[in-house]
Amino acid sequence: MMHEAREFEVLVEEIFNATEYFDTVKKQEQYDLYLERNGNQYIVEIKYYRTMRAQTQLVNKAICFLSKIKERKQDEIDDGVIAILAVSAYLELELKKTIEEDNDIVVIDLLDLISLTSHSPELRDRLVRFLEIPDNILINQRGRGIDDVLIRLQGDSISFGESIYCQPMECLSEGLVDNHSEHLINKLKALPSGKDNWKEYEGLMITILQYLFEGDLNGWVSQCESENKLNRYDCVCSIKKNTDFWSFVVEQLKSNYILLEFKNYTDEIGQGAVLTTEKYLYENAFRKIALIFSRKGANASALEMCNGAMRENGRLILVLNDNDIIEMLLREDRGGDPSDYLFDKVDNFLMRLSR
């Protein structure tokens, strides 16, 4: 998904350039694009999502992230800055207007981006093919042109009302990470690995995953015994099809449930841990996917066992380490979708799967 996100950013940059509306369009490090027009300064944050319909909680977090950058930028130049959030997803017009009025930013969704390519058929075709936009949306829906998108700009001054930043959620700390996410990252880093702290690790990981996938996973039944009471697995959840990744798991992998295993080992896990986990995956129970969370990841033999489970039995087992968890937390709090990160992992796993 990383290369797709970068490709989308390049497309948006080319679209802004093609409008010939802005005098300056250039990339930035802290945010994605810096624009200028008639002395006005614009900062642009670009968000790529695999799921076409925008998820409100992720948009809210992207707004918080962008608002914090805007505040800092205004402090630097002691002048007004216009913030633009460009997303690959679809938002209803009234929702876009509400977000703009409540948060003092401009929102550009996929329909607006299509409209901005009206003078460049080549860019429009690339955008439609890249985002796989259905024909019915292209025929029945219309986005806003550049003047309509920036209609609140009158003359050289911005006509937004009083700013209301991040009303739906607790806003950002002095850094660019949400307080809760930063707290969870720090707790994970501070928790020692080893068997003495297995219970604390399991509890922390469940808290983190409930935060990341609040609307996607249900149940959270932990420490379940197998039917013969000889074995115990850590946690199982039912899946909601809210994003493309979870829809893929349910519809393509035929798994309505997911198994979660937590290994607070000081070293990489071996093939034994993968073999034990695979025993709890059953096709007839619609449970064919497991995520194993290990502090250091998996060794070569464990990864080969994961390959064999998929190749021979159609059971998907992914091993994620602390760095994966931290990356998902950071993405979540910048308005990215952590399930897209998992989709990227699955893509890489399946494309590399050998016979």
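Analyst: Contact means heavy atoms within 4.5 Å. Leaving aside neighbours within four places in sequence, methionine 305 is in contact with Gln271, Val274 and Leu275. The model is predicted: local features need pLDDT of at least 70, side-chain atom pairs count only at pLDDT 80 or more, and totals for chains, interfaces and linings use all residues. Residues are numbered from 1 along each chain as its sequence is written, and side-chain values use heavy atoms, with hydrogens and water left out.

User: How far apart in sequence and in space are methionine 305 and glutamine 271?

Analyst: They are 34 residues apart in sequence, and their C-alpha atoms are 6.0 Å apart.

User: Which helices pack, and at what angle?

Analyst: Two packed helices are described by the angle between their axes and the distance between the axes. Axes are lines fitted to C-alpha atoms, for helices over the stretch in contact, and angles run from 0 to 180 degrees between N-to-C directions. Here H8 (residues 179–190) and H9 (residues 198–212) pack at about 155°, axes 11 Å apart. That makes H8 roughly antiparallel to H9 (angles over 145 degrees).

User: Which residues of H8 and H9 meet?

Analyst: His180, Ser181, Leu184, Lys187 and Leu188 in H8 meet residues in H9, including Tyr201, Leu204 and Tyr211.

User: Is lysine 61 buried or exposed?

Analyst: Buried means under 20% relative accessible area, with a 1.4 Å probe and protein chains only. Lysine 61 has 8% relative accessibility, so it counts as buried. Lysine 61 lies in helix H2 (residues 56–77).

How values were computed
Helices (H or I, at least four residues) and strands (E, at least two) are DSSP runs, numbered from the N terminus. Angles under 35 degrees count as roughly parallel, over 145 as roughly antiparallel, 65 to 115 as roughly perpendicular and the rest as oblique. Buried means under 20% relative accessible area, exposed over 50%, partly exposed in between (1.4 Å probe, protein chains only).
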